[in-house]
Amino acid sequence: MTIIRRHFLKLQFCLVVMAVILGIYYPKICEQIRSINLGKKNTDNGNLSAGNNSDLLLTKEQLNEFNGVGGQPIYLGLLGRVYDVTRDEKYYGPGCNYHFLAGRDASVAFITADFKNYVEDEADNVLALKSPAILSLINWEKHYKSDYIYKGKLIGRFYDESGHPTKYEKKFRAMAEEAEFDKYNKQKLRDKYPDCNIKWSMEKGSHVWCSGSSGGKQRNWIGYPRKLYELDNENFRCACVKKENLDTKEVVIKPYDNCESKSQECYYNVN
Ligand code: HEM
């Protein structure tokens with residue numbers, strides 16, 4: 001009887017140990033099973049770069065299979081690079097908010113937010129986008145690079161069949177650099193010519209004025225309100241301009257009508 005009990009206790013102890021080990025290693029085991037499946041898929045499809053899972057080279061059709069349907073891993077393409085987003089199945093899985101982005105490169109949708117209409121030939125055609133949109137895509141890229149596993153490249157617009165960047169990719173990167181530079185210059189201009197304080201009222205219209213803390217920044221000068229037209233912009237904003245910059249040629253500045261040139265506040269009506 002005691003022998004049976006001792007065996008039973010041993011069995012119980014073994015079961016507890018196994019349960020603990022399984023609990024700890026469960027995610028790793030799942031990942032292993034997934035990569036075995038993926039390895040099988042690699043050999044099935046032939047074209048996925050062999051062996052090294054961390055730098056795959058996928059066709060559109062191959063990428064399309066990794067869309068989370070039927071328990072498949074979920075890959076997302078952005079700017080021709082592919083990331084494994086399986087761990088956030090709650091966003092990208094079938095039926096979830098961002099499933100549209102799964103198994104494809106739909107870079108343009110990150111800007112248009114059109115998660116319904118997928119036009120294969122246009123979905124990753126980003127060169128027509130304006131600078132702020134290009135910078136937004138670069139920010140999304142940083143997000144996927146830092147939060148998810150990079151898997152490799154998609155053969156197509158951005159990378160050729162050997163995985164080398166295409167002319168299109170180089171053009172995009174050049175545009176991104178230019179957009180970064182534009183943003184930097186705009187910020188420099190905003191530091192030099194900060195926004196005025198603005199208040200609107202029914203009786204008086206717009207009231208603009210300069211003080212030591214307008215434009216969200218403290219400074220040790222006040223300046224004069226002027227209409228400032230940035231070079232690529234037909235519209236103006238009210239900027240506080242230092243006395244020594246009133247004749248600047250780096251931006252177009254104009255005085256407000258009916259406002260003393262050395263007044264630190266002006267009123268105007270937009271008709
Ligand atoms: C251009 C528009 C948008 C794009 C491209 C976009 C895209 C995304 C993506 C890709 C994620 C997953 C983030 C991750 O992987 O960590 C996400 C998450 C999320 N987004 Fe958006 N989103 C957009 C607009 C919005 C708007 C307007 C709202 C709210 C009104 C919103 C609310 C959320 C929330 C709450 C999450 C967290 C996950 C969730 O609960 O689904 N998004 N978004």
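Aspartate 195 lies in the loop that connects helix 6 (167–192) to strand 5 (197–201); helices (H or I, at least four residues) and strands (E, at least two) are DSSP runs, numbered from the N terminus. The model is predicted, so that local features need pLDDT of at least 70 and side-chain atom pairs count only at pLDDT 80 or more, while totals for chains, interfaces and linings use all residues. Residues are numbered from 1 along each chain as its sequence is written.

Aspartate 195 is partly exposed because 18 other C-beta atoms lie within 10 Å (buried, 20 or more; exposed, 12 or fewer; partly exposed, in between; C-beta atoms placed from the backbone). Residues up to four places away in sequence aside, the contacts of aspartate 195 are Ser214, Gly215, Arg237, Cys238 and Ala239, a contact being a pair of C-beta atoms within 7 Å. Between aspartate 195 and leucine 228 the C-alpha to C-alpha distance is 9.5 Å, at a sequence separation of 33 residues.

Tyrosine 75 touches Leu63, Phe66, Val82, Tyr83, Asp84, Gly103 and Lys151, with residues up to four places away in sequence not counted.

Methods
Contact = placed C-beta atoms within 7 Å.
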